[in-house]
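Keep the chain in view while you read.

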Amino acid sequence: MGNSRKQTSAAGTDMVEKMDEFDAIIIGAGVTGLYSLYRLRKLGFSVRAFEEGGGVGGTWFWNRYPGCRFDSESYTYGYSFSEELLQEWDWKEHYSSQPENERYLNYVADKFDLRRDIRLNSRVVSAVFDQDESRWQVQLEDGHRARSQFLITSVGILSAGYMPDFEGIDSFKGKWCHTGRWPAEGMDLVGKRVGVIGTGATGVQLIAEIAKEVAHLTVFQRTANFCAPLRNSPIDAQTQREIKASYPEIFKKCMETPGSFVHQFDPRSAMEVSPEERLEQYERLWAEPGFKKWLANFHDVMIPGQANEDYAEFVRNKIRERVHDPVVAEMLVPKDHMFGSKRLPCESGYYEVYNQDNVLLVDVRAAPIERITPKGVKTADAEYELDVIIFATGYDAVTGSLNKLDIHGEGGQTLKDKFTNGPRTYMGISSAGFPNLFTINAASVGNFVRAAEPLVDWVSDAMCYVRENQFTRISATFEAEDAWVDHVAEAGAKILRTQADSWFVGANIPGKARVLLTSPDSAPVMRAMRTEVAANGYEGFLLQ
Ligand code: N01
């Protein structure tokens, strides 16, 4: 590391430029980046992680908006690789909040001495593959450069924030921000007239929290969502002991489920039991915390068809029960997409917010936002005066964060150009013509850490295989990639997630190709596939 390379200056004289050299560069120090660093270092690779933020944590560093928290169980989300860490760390709540999650990731960075290999405030602006030397050259915004054999993008699937292209934002006299770039110093909302645009998982968490302190809240909703009560609570001492004693079983359960969550579907069909039994199960699970309401329900509740619609109506009625004004209630009841076809937000008092006198729900499907004015938001039929506008408008998912890196592979081809009509990868992880690049962020979904750990393990094993067999390059073959892209399209067409317009299929970004951006397969199927690929000498990969 820290080798010097001789280059010729513009004046034609030799100059010596310092260029840091590593076996692997990791972009991003969030949950996957931190674990990648830990694992690769343990395997003897020299590693450097470049992190855009001023601290570690990725999603949990940037998303400081009020109400931000896990909606998978805290003890299923933490890292499993260190028994000591599991026993040392006390999750305080069943669904832990952002400040605590950020504290946890900082604790991990300190405990495993990861910081010495992390460069913070380091935004990568390009990564170029040097074909002669089989190395990646990474350029940072501040001029710093580094090279490595392997490049790992652990930049998250939901980190490139999406701001709608509303005219007039610069004319707004008040303050505004996107939830994914919430100011570290916070935003003073007390006594303010606040507008929130967007009612996805983020908006739903935020709205319920800030409604407690603002003078007036205007919520601009384009699509009503199916949401369910989170039912968070503190973890008492006895439960803490039980959790710590049962980590092996908790993780085993997670590894057996499609999304790596701890809940297992009921194998029965909702329609094969009596209406009474069906309702009893719906109600019993509704009273429970977290995702259990659908992920431990009759299995066909999450498959297009009769059971799905039956449960959707149950949830619609739950919304109607909580909102006093029947007109407002109907605005909040989703009718244009199937239950589970969009990511289901969990909420804490969200619907009750609309019973407050100082809260107004505006339907921007009926009267779209036309522009931002100096005073606030102008829709097709009114102008809403605001002191603060919060954009909870989501993310250019999966490919957005990769495109920002400006990655150039063999022959100078950019990943952005290659992905114009959707990602072209093999198993989400490698793209033909981009040797030694592992897009870890594009292949991990579900209960994130549970999915990411085995993925990082697989990638590090592949890197060891390259090293031990004296290869210099590994990348997907065009054949394997084509077959995978076809598989994603065919298998993806059958699943619930592709049935609605959401970030899962890029439909939330105007002009973005409509393609499933994640794997259509369950986590156990993906892991088995990767194991088989490795067992067959990295079948589908070109090793040179
Ligand atoms: O983003 P979204 P998000 N005019 O895309 C609206 C994860 N997450 O940040 O539905 C008006 O879901 C848009 O309207 P519509 C989770 O995976 C996890 O909320 O497109 N409105 C929608 O209401 C989640 O799925 C946690 O019609 C506009 C909203 O903005 C993912 O992050 C917590 C608009 C965007 O919703 C993304 O969630 C939070 C426009 N021009 C998030 N453009 C955990 O608990 C967009 N919208 C771990």
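Two strands pair if DSSP finds at least two bridges between them. Helices (H or I, at least four residues) and strands (E, at least two) are DSSP runs, numbered from the N terminus. This is a predicted model, in which local features need pLDDT of at least 70 and side-chain atom pairs count only at pLDDT 80 or more, while totals for chains, interfaces and linings use all residues. Residues are numbered from 1 along each chain as its sequence is written, and side-chain values use heavy atoms, with hydrogens and water left out.

Start with strand 10 (residues 193–197) and strand 11 (residues 216–221). They run parallel, and 5 bridges join them. Ile197 stands opposite Phe220 in strand 11. Now widen the view. An open sheet is formed by 5 strands, in the order 9-18-10-11-14, with parallel pairing. At its edges are strand 9 (175–178) and strand 14 (359–363), and each pairs on one side only. Neighbouring strands of this sheet are turned by 15° against each other on average, direction ignored. Axes here are lines fitted to C-alpha atoms, for helices over the stretch in contact, and angles run from 0 to 180 degrees between N-to-C directions. Helix 6 (residues 201–210) lies across strand 10, strand 11 and strand 18 (388–391). Helix 6 runs at about 165° to strand 10.

Next, look inside. In soluble globular proteins, nonpolar side chains tend to be buried together. Buried means under 20% relative accessible area, exposed over 50%, partly exposed in between (1.4 Å probe, protein chains only). A nonpolar core is a set of buried Ala, Val, Leu, Ile, Met, Phe, Trp, Tyr and Cys residues joined through side-chain atoms within 4.5 Å. The largest one here has 128 residues. Tyr79, Leu217, Trp294, Phe339 and Tyr354 have the most contacts inside it. Helix 16 (residues 448–468) gives the most to this core, with 10 residues. Apart from this core lies another, of 20 residues, among them Phe22, Val124, Leu151 and Leu405.

What does Tyr354 touch, leaving aside its neighbours within four places in sequence? Contact means heavy atoms within 4.5 Å. Its partners are Ile207, Val219, Val323, Val328, Leu332, Val359 and Leu361.

Now the rings. Rings of Phe, Tyr and Trp (its six-membered ring) pair if their centres lie within 6.5 Å; planes under 30 degrees apart count as stacked, over 60 as edge-to-face and the rest as tilted. The count comes to 43 aromatic pairs. Take Trp60 and Tyr77: their ring centres are 6.1 Å apart and their planes at 85°, so this pair is edge-to-face. Trp60 is in helix 2 (residues 59–62) and Tyr77 in helix 3 (residues 74–77), 17 residues apart. Both Trp60 and Tyr77 are buried. Ring pairs also link them into a cluster with other residues, including Tyr35, Phe70, Trp89 and Phe112.

Finish with two single residues. Leu295 belongs to helix 10 (residues 292–295). Is Leu295 buried or exposed? Its relative accessible area is 13%, so Leu295 is buried. Beyond neighbours within four places in sequence, Leu295 is in contact with Phe261, His263, Gln264 and Phe265.

Val485 sits in helix 17 (residues 478–492). Val485 counts as buried because its relative accessibility is 18%. With neighbours within four places in sequence left aside, Val485 is in contact with Pro423, Arg424 and Thr425. Val485 and Met427 are 58 residues apart in sequence, yet 8.7 Å apart in space, C-alpha to C-alpha.
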